[in-house]
Amino acid sequence: MKMWILLVLASFALGASAQSCSCETMKWATCDGNPCSCFVLVGDGVKQTLDCDKLIPKCFLMKAELYRARKNLDTRIIGGKPVETAFVDNDGIYDPDCENDGKFRAKQCNNTDECWCVNSAGVRRTDKGDKDLKCEKLVETHFVRLQLTHKQRKTRDKFLPRRSAIAEAINKRYKNFNKDLVKEVQYDPDARMIVVDVKKEIGDRTVDLTQMAYYMEKDVKVLPLFRNQDKFKPNVGGQSLDMENILVYYVDEEAPTFTMKNLSGGIIAVIVVVVLAVVIGLVLLFFLNKRGKKRYNKTQQREMEAM
C-alpha cells in the first residue's frame with residue numbers, strides 16, 4: 001500500500017515538473033529536464049537554446065519562424081503566413097546570421113551571394129552587394145516609434161491615452177521592459193492612432209528596444225509569440241484597447257547609406273514628373289520671351305514709318 005502511494009505521489013511530482021517546464025516567451029519552444037531546459041529548431045534542424053526568463057532575441061525568432069515556414073509548420077498556430085513589414089526596405093523575413101548571444105551579425109546574405117548591412121534590429125540599412133561587401137560594425141537602433149491603431153471603441157466618450165498607462169502596459173506585457181524608456185505618447189482620436197516613442201541614450205548597450213518592438217508586432221499583426229496567447233491590450237479609460245494595426249519606425253545611431261538606385265518606384269516617378277515640369281516650363285518661357293521680342297520689333301518699325 002505504501003509503495004502504491006509513493007508511486008502515485010511520484011507520478012504527480014513528475015506531472016507538476018513537466019507542467020512547470022515550459023517557455024512562456026516562446027510558444028514554439030520544446031522544454032524538458034530538471035532543471036528545465038528549452039530550445040527551438042532553426043536552420044537545418046539545429047537546436048537553439050533559449051533563456052525563457054527574458055524576451056527571445058529577434059534574430060533567433062526570425063530563424064525559428066523561417067525554419068517552420070520551410071517545414072510547412074504553422075507560424076500562426078491557426079495557419080497562414082504572417083506579413084512582415086520593414087520600415088526601410090520592406091525586404092521581409094530572411095534567414096539571419098546570429099551571434100551566440102542572439103544579436104544580428106552586421107553583414108547578412110540570407111544564404112545567397114547577395115549581401116547587405118543591417119542595424120541591431122536586423123533591418124537592411126545599405127544597398128545590396130556581393131559577398132565582398134564590408135560591414136564594419138553593427139549599428140545600434142536607439143529610438144523606436146510604435147504607431148498603433150486601435151479598433152473602434154464601444155463607447156464614443158473622449159479619452160486620452162496617458163504615457164504612464166501605456167508605459168505600464170508595456171512593462172507588464174514585455175518582461176518588465178523599462179517603462180522609463182517610453183518618452184512620449186501622442187494620440188489622434190480621428191485616426192484612432194496612438195504614437196509611442198521609445199528611446200534610450202546613444203551608446204547604451206544595456207537594453208535592446210527592438211526585441212520588445214518585434215514581440216509587439218506579432219501581438220498586433222499575427223498572434224503572440226508568448227505561450228500565453230493574450231494579446232497586447234493596454235487599459236485606457238477603464239477599457240482595454242484592441243489593436244488592429246502597427247507600424248514600427250527604427251532610428252539608428254548612424255544614418256543609413258542608401259543610394260538613388262534604392263528609391264521606390266513611386267518616389268522615382270514623382271522626381272521624373274517634377275523634372276519634366278521644370279523642363280517644359282523653361283521651354284515655354286523661352287518661346288514666350290522670343291515671341292514678345294518679335295512683337296516689340298514690329299511695333300518699333302511701324303512707329304518709325306508713321307513719323
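Before the structure itself, some conventions: residues are numbered from 1 along each chain as its sequence is written, and side-chain values use heavy atoms, with hydrogens and water left out. Since we are looking at a predicted model, local features need pLDDT of at least 70 and side-chain atom pairs count only at pLDDT 80 or more, while totals for chains, interfaces and linings use all residues.

Let me start with the chain as a whole. Its secondary structure comes to 5 helices and 11 strands, where helices (H or I, at least four residues) and strands (E, at least two) are DSSP runs, numbered from the N terminus. Of the 307 residues, 38% count as buried; buried here stands for under 20% relative accessible area, exposed for over 50%, and partly exposed for what lies in between, with a 1.4 Å probe and protein chains only. The accessible surface comes to about 19200 Å², and 54% of that belongs to carbon and sulfur atoms; these areas come from the Shrake-Rupley method with a 1.4 Å probe, and for residues only the protein chains shown count as cover. If we take contacts (heavy atoms within 4.5 Å) between residues at least 6 apart in sequence, 60% of them join residues at least 24 apart.

Three strands form an open sheet in the order β1-β2-β3, with antiparallel pairing, and two strands are said to pair if DSSP finds at least two bridges between them. At the edges stand β1 and β3 (46-50), each with a single partner strand, so that one side of each is left without a neighbour in the sheet. Neighbouring strands of this sheet are turned against each other by 35 degrees on average, direction ignored; the axes are lines fitted to C-alpha atoms, for helices over the stretch in contact, and angles run from 0 to 180 degrees between N-to-C directions. Between β1 and β2, which run antiparallel, there are 3 bridges, and Thr30 has Phe39 in β2 as its bridge partner. Packed on this sheet is α2, which touches β2 and β3 and whose direction makes about 60 degrees with that of β2.

How much of α2 is covered? Of its 13 residues, 11 are buried, among them Phe60, Leu61 and Met62, but also Lys58, Lys63, Glu65 and Arg68. The cover includes α4 and β11 as well as β2 and β3. Just after this helix, Asn72 takes a positive phi of about 55 degrees.

The helix α4 (residues 209-221) can be checked for length: at 1.5 Å a residue its 13 residues should span 18 Å, and because its end C-alpha atoms are 18 Å apart, the two values agree. That expected span is 1.5 Å times one less than the number of residues. In α4, 12 of the 13 residues are buried, so this helix is largely enclosed by the rest of the structure. Its buried residues include Tyr214 and Tyr215 together with Glu217, Lys218 and Asp219, and what covers them includes α2 (58-70), β6, α3, β8 (193-199) and β11 (243-252).

Most residues other than glycine have a negative phi, and most peptide bonds are trans. Against that background, a cis peptide bond joins Asn34 and Pro35, with omega about 10 degrees, and Pro35 is found in the loop between β1 (30-32) and β2 (37-42). Asn110, in the loop between β4 (107-108) and β5, has a positive phi near 55 degrees and is partly exposed, at 26% relative accessible area. Asn176 has a positive phi of about 60 degrees; this residue lies in the loop between α3 (163-173) and β7 (182-188) and is exposed, at 62%.

Finally, is Asn119 buried or exposed? Asn119 is buried, with a relative accessible area of 1%, although its place is in the loop between β5 (116-117) and β6 (141-150). Its side chain makes a polar contact with the side chain of Asp252, at 3.0 Å; a polar contact is a pair of N or O atoms within 3.5 Å, where within protein one must be able to donate a hydrogen and the other to accept it, and residues adjacent in sequence count only if both atoms are side-chain atoms.
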